[in-house]
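Hi,

Here is the structure I promised to pass on. Have a look first, and then read on for what turned up in it.

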Amino acid sequence: MKATEYFDQFSRRYKHYKGGSWCYEDGCVYRGLQQLLEATGEARWNDHLHRLADPQIGADGTLAGYDPQEYNIDHILAGRILFPLSAQTGDARYLAAAGHLAGQLRSHPRTNAGNYWHKKRYPHQVWLDGLYMGLPFQIEYGQTTGRPELIEDALRQFSAALALTADAGGLYVHGYDESRNQRWANPASGKSPAIWARAVGWLAMALVDALVILPDDSATAELRERTRRLLAGIIARQTQAGLWMQVLDNQGLAGNYAETSASAMFAYALLRAARLGLLRGEEAKAALSAGRQALAALLETRLELDEQGVARLTGIVHVAGLGGFDGNYRDGTPDYYLTEPVVSDDAKGVGPLMMAYAESLLLAR
């Protein structure tokens, strides 16, 4: 099956991830649809996007099921779709909705280093996931509304988070707890103990998406260099089969497996960084080779027909986190990341695969 046929069928049967409430999982699909639209110009992607997103956005910009007082950074991600929808339609409700999300960020609790808490229920914690959820939106909102201080703040948050989560091997751990109250937090550093591939995937996408829309100047120079080193580290850990392991820095760990969503995220980040000039020369060539190999491997080995003959994207870890959740305590050890269920057709895998495929189409132009 062609990738576009799968994406079309997936979008036709897709139901809002959390019953219609505004959420980041839907946002992953919306980003994928928007980028397929940009890459192809085909109306079907626009139709899917409006059919899914518009019912969640009220005439005054209120968002279905959204409570800013939860201070959940995840809720910000889907707001990135509001800027192209506004530009496309001129409908004021889209920027009004973006304003509601920006209002959350104005009062969102922060660590002493200036980073947004991951959620109110995860106080004093920074997770790599949250950098993708909040900071590219903040930069785009700052650009749209003429608020350069928001862009400057986002860049400071990136730098602080990278310093707090850096690993000796050149990658980044999943989370940091400045309070050191969590059992998963190292008492000295506050860092969680393992390198989870999808967390690094969120980080790579966040950095690339932010830097390709910002000037290449002294304000972004250090972050660009850190991003280039991160992408080189990702390439170095690609398996021979073209994908990346769930526990990214320990391929030989018993029970470790090649995970689909992180592999799609890495493919997207590498292809986009090369296409838009964040990487140049030999770095760009290496990124293009790794990204194309990963995309081909995903399409060839992870798109499978189920018992009813329906194409599914397989091998996606459903969720992983840190600390207490649903009566379980997630201790962040390498072994923990191998206990979470693996599912098919999860938005956190399909959305990034859409994005990576769109990048491949744009590169082929």
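A question to start with: is Arg110 buried, partly exposed or exposed? Arg110 is partly exposed, its relative accessible area being 34%. Please keep in mind that this is a predicted model.

The partner of Arg110 is Asp153, and the closest N and O atoms of this salt bridge are 2.8 Å apart. Asp153 sits in helix H7 (residues 148-165) and Arg110 in the loop between helix H5 (92-107) and S1, so the pair ties together parts 43 residues apart in sequence. Asp153 has 11% relative accessibility and counts as buried.

In total, there are 25 salt bridges. Among them is the one between Arg44 and Glu42, at 2.7 Å from N to O. Arg44 is partly exposed at 26%, and Glu42 is partly exposed at 31%. Another joins Asp91 and Arg93, at 3.3 Å from N to O; here Asp91 is partly exposed (31%), while Arg93 is buried (15%).

Now to the cavities. The whole structure holds 1 cavity of 30 Å³ or more, and the largest cavity has a volume of about 70 Å³. Helix H6 (128-145) and strand S1 (125-127) each supply at least two lining residues, with H6 giving the most, 4 residues. The lining has 7 nonpolar, 5 polar and no charged residues; Trp117, His118 and Gln157 are among them.

Lastly, His50 lies in helix H3 (residues 43-53) and is buried, at 17% relative accessibility. Its contacts include Leu85, Gln88 and Tyr94.

Best wishes

Technical notes
Residues are numbered from 1 along each chain as its sequence is written. This is a predicted model: local features need pLDDT of at least 70, side-chain atom pairs count only at pLDDT 80 or more; totals for chains, interfaces and linings use all residues. Side-chain values use heavy atoms; hydrogens and water are left out. Buried means under 20% relative accessible area, exposed over 50%, partly exposed in between (1.4 Å probe, protein chains only). Contact means heavy atoms within 4.5 Å. On a 1 Å grid over the protein atoms alone, a cavity is a set of points where a 1.4 Å probe fits but cannot get out, and a pocket is an open set with protein on both sides within 12 Å along at least five of seven lines; lining residues have an atom within 4 Å of a point. Grid points are joined across faces, edges and corners, and a volume is the space filled by probe spheres set on the points. Ala, Val, Leu, Ile, Met, Phe, Trp, Tyr, Cys and Pro count as nonpolar, Asp, Glu, Lys and Arg as charged, and the others, Gly among them, as polar. A salt bridge is a side-chain nitrogen of Lys or Arg within 4 Å of a carboxyl oxygen of Asp or Glu. Lists of a residue's contacts leave out its neighbours within four places in sequence.
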